[in-house]
Amino acid sequence: MKCEPTLTPDIDLLALREKYRQQADRRRRPEGFAQYLEVTGELEEFLEFEPYEPIPQRESLADETDVVVLGGGFAGLIAAGRLKSVGVNSIRIIDRSGDFGGVWYWNRYPGVQCDVESYSYLPLLEELGYMPKDRYAYGSEIFAYCQQMGRHFDLYRHALFGTVVKSIRWDETLNRWRIGTNRGDDVRARYIVMAPGPLNRPKLPGVPGIKRFKGHSFHTTRWDYHYTGGDWAIPELDKLAGKKVAIIGTGATAVQCVPYLAKYADKLYVFQRTPSYIDDRGNRPTDQEWAKRQEPGWQLQRMRNFHIGINEIFNKDDVDLICDGWSEINRNIQAARKAAGWPDMSFAQLMELREIEDYRAMERIRQRVDSIVKDPKTAEILKPWYRFLCKRPCFNDDYLPTFNRPNVTLVDVSAAKGISEITEHGIIANGIGYEVDCIIYASGFETTTDLRRRYGIDIVEGRNGLSLYEHWANGFRTLHGMSVHNFPGMFFTGYLQGGVSGSITQMYDQQGSHIAHIVAEAMARGAATVEPSREGEAAWVETIRANLMLDTNFWESCTPGYNNNEGLEVTRYTIFGEPYGPGFHAFDDLLRRWRDAGDFEGLEFRPSATPVCETLAAQNI
Ligand code: NDP
């Protein structure tokens, strides 16, 4: 099928800029992230609630392993798989959940699906010989694929599920990490890979009364099918018949589950602060003939194309392989340049063109709302007034038509900057009380809040009891975003002073492969420890800051959210954790050159015989 640019309407750029600014301002809250409640203390039940398979009890462990991987989602699975491929066999993955999968284990709400096309999102497809069933995979398939990865890399044998890490301490005398858990374990490890993912801890709106509510409530990441009826495979929520349900939040999660709630509940109130971008889904089964035609290396090429389609600018000869809403703007820019005869354009001119195409594409999305939602007032409330990627775009065929149902009420809480209170019987918003039987929190995750909150681990201590949180109190300090001075053999995955890819799993593979390369070298040298030198770490921090390419204008214009520090202050610390400015592929090239050089610049390998105290004294620590 030929990939065409979309037809987008004309716009009044200046008027729209002003409208976007006003819309962002009316949502900005001075408390920033402090507006959210952490699920600790009396709210911990939202996290501890185990709606799925019971996790068996077991005895506490006191043992030793080469590697502990903290987190059994894609980041952890890939890192462990890459470590296996360089000969590390003793690997314990530790995870709170009952299986591999991470977010794809926990998030089983009705309709859960990935908006990134499956061929670019599911990692290592060629290696595992797997082709997704559909263009956009359902959560159940992704979860099953994670399990397949666990089997493929033989990771089940040593995995510790149902286990929450409470403390991580470097033991100088043993040259090992000591990992303490809620099960009373004391696991010692030479290396530890932090792979908790960005969406592992739910957060709640910071309003009074959450515990006061006498009805039923849960967060979408712990969907309670016992209450709603149905299950993951067949989400017939028949127990909602006769019930009044409220859902708080209209992000990517709510967009997927709202149509199911509306279908089964007697009454559904959707509390919306900021509307999502909603385009059509266009899902279809994988074309088997197409699948057969793919040549070795196809997935990396596709991931590259996906990344460029979102983040960079297509050149004349680039073909948009993905051809969905993610690459629409880029596709349209390419068409506009072609129509103009490919004039030379400066970077600033390209950015200007990008802004125009962005506004046009968003106008198309707003017109689309009018074409689907019958009540003009409701349609108006559902229109997103911000630039593409300010918020996570959503693709769903059932969400907007849901607002044509008589049993669904959209409650706009943007003027009040959110709901105001939960009472014994329901929700208060805009001064009006809504009595309900059930409140579902689709209020998101600790994505960019304080690191200690995000990790949910009180103690992470390196040499000399140095706290990681203190080490990073004034900003991240890493080598390549993956290792930290005074934290020997501790490796990091995720958004942290590295390259940010459109497909998060591609980034995890880059990191897992690089970490495995370093560990293989440490093993080959018989090194007791490996960590960045003070100078190596400092040099990388300097490189990152010198190459910072933060589009401040863009982020400041955005409606508040976790992407732009809730719209308060656009600093380099966004969800992307101070990314390497030249981009993901430039970072990939940099890592490759670093590995090829073979001198492991910036890292220190300490031989087993080196007394650690001597080394520390030499560094004046
Ligand atoms: P989000 O953080 O995206 O959404 C949270 C929602 O809660 C927002 O609509 C937010 O409003 C609203 N909210 C927060 N506080 C209040 C309040 N006090 N009153 C009213 N509303 C409030 O969480 P999601 O779980 O939807 O998505 C998280 C991420 O997970 C996504 O960004 C995406 O990366 C991933 N995801 C991907 C999916 C996919 O691929 N299809 C599906 C689901 C999730 P506001 O916007 O104003 O802050």
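**Close-up views of a predicted model**

View 1. Cys323 is found in the loop between α11 and α12 (helices are DSSP runs of H or I with at least four residues, strands are E runs with at least two, both numbered from the N terminus). Before you zoom in: this is a predicted model, where local features need pLDDT of at least 70 and side-chain atom pairs count only at pLDDT 80 or more, while totals for chains, interfaces and linings use all residues. Residues are numbered from 1 along each chain as its sequence is written, and side-chain values use heavy atoms, with hydrogens and water left out.

So what is Cys323 bonded to? Cys323 forms a disulfide with Cys3, and their sulfur atoms sit 2.1 Å apart (a disulfide here is a pair of cysteine sulfur atoms within 2.5 Å). Cys3 belongs to the segment before α1 (13-27), and the two partners are 320 residues apart, which makes this a link between distant parts of the chain. The torsion about the S-S bond of Cys3 and Cys323 is about 95°, so this disulfide is right-handed. Cys3 is partly exposed at 23% relative accessible area, and Cys323 is partly exposed too, at 25% (buried means under 20%, exposed over 50%, and partly exposed in between, with a 1.4 Å probe and protein chains only). Most residues other than glycine have a negative phi.

**View 2. The second largest pocket.** A pocket is found on a 1 Å grid over the protein atoms alone: it is an open set of points where a 1.4 Å probe fits, with protein on both sides within 12 Å along at least five of seven lines, and lining residues have an atom within 4 Å of a point. This one holds about 1,200 Å³ of space, where volume is the space filled by probe spheres set on the points, and grid points are joined across faces, edges and corners.

Which helix gives the most to the lining? It's α12, with 5 residues. Helices α11 (298-311) and α12 (328-339) each supply at least two residues of the lining.

**View 3. The other disulfide, Cys390 with Cys558.** The whole structure has 2 disulfides, and the one shown here joins Cys390 to Cys558, with 1.9 Å from S to S. Cys390 lies in the loop between α14 (376-381) and β12 (394-395) and Cys558 in the loop between α20 (552-557) and α21 (584-597), so the bond ties together parts 168 residues apart in sequence. The angle about this S-S bond is -75°, a left-handed link. Are these two cysteines buried or exposed? Both Cys390 and Cys558 are buried. Counting bonded cysteines along the chain, the disulfides follow the pattern 1-2, 3-4.

While you're looking at the loop between α20 and α21, find Asn565 as well. Its phi is near 55°, a positive value in a residue other than glycine. Asn565 is buried, with a relative accessible area of 10%.

**View 4. Inside the largest nonpolar core.** Trp223 and Ile247 touch the most other members of this 126-residue core (a nonpolar core is a set of buried Ala, Val, Leu, Ile, Met, Phe, Trp, Tyr and Cys residues joined through side-chain atoms within 4.5 Å). Helix α18 (residues 504-525) brings the largest share of the core, 8 residues. A second, separate core has 26 residues, including Leu160, Ile457, Tyr469 and Met490.

Zoom in on Ile247: leaving aside its neighbours within four places in sequence, it is in contact with residues including Cys257, Leu261, Phe271 and Ile440 (contact means heavy atoms within 4.5 Å).
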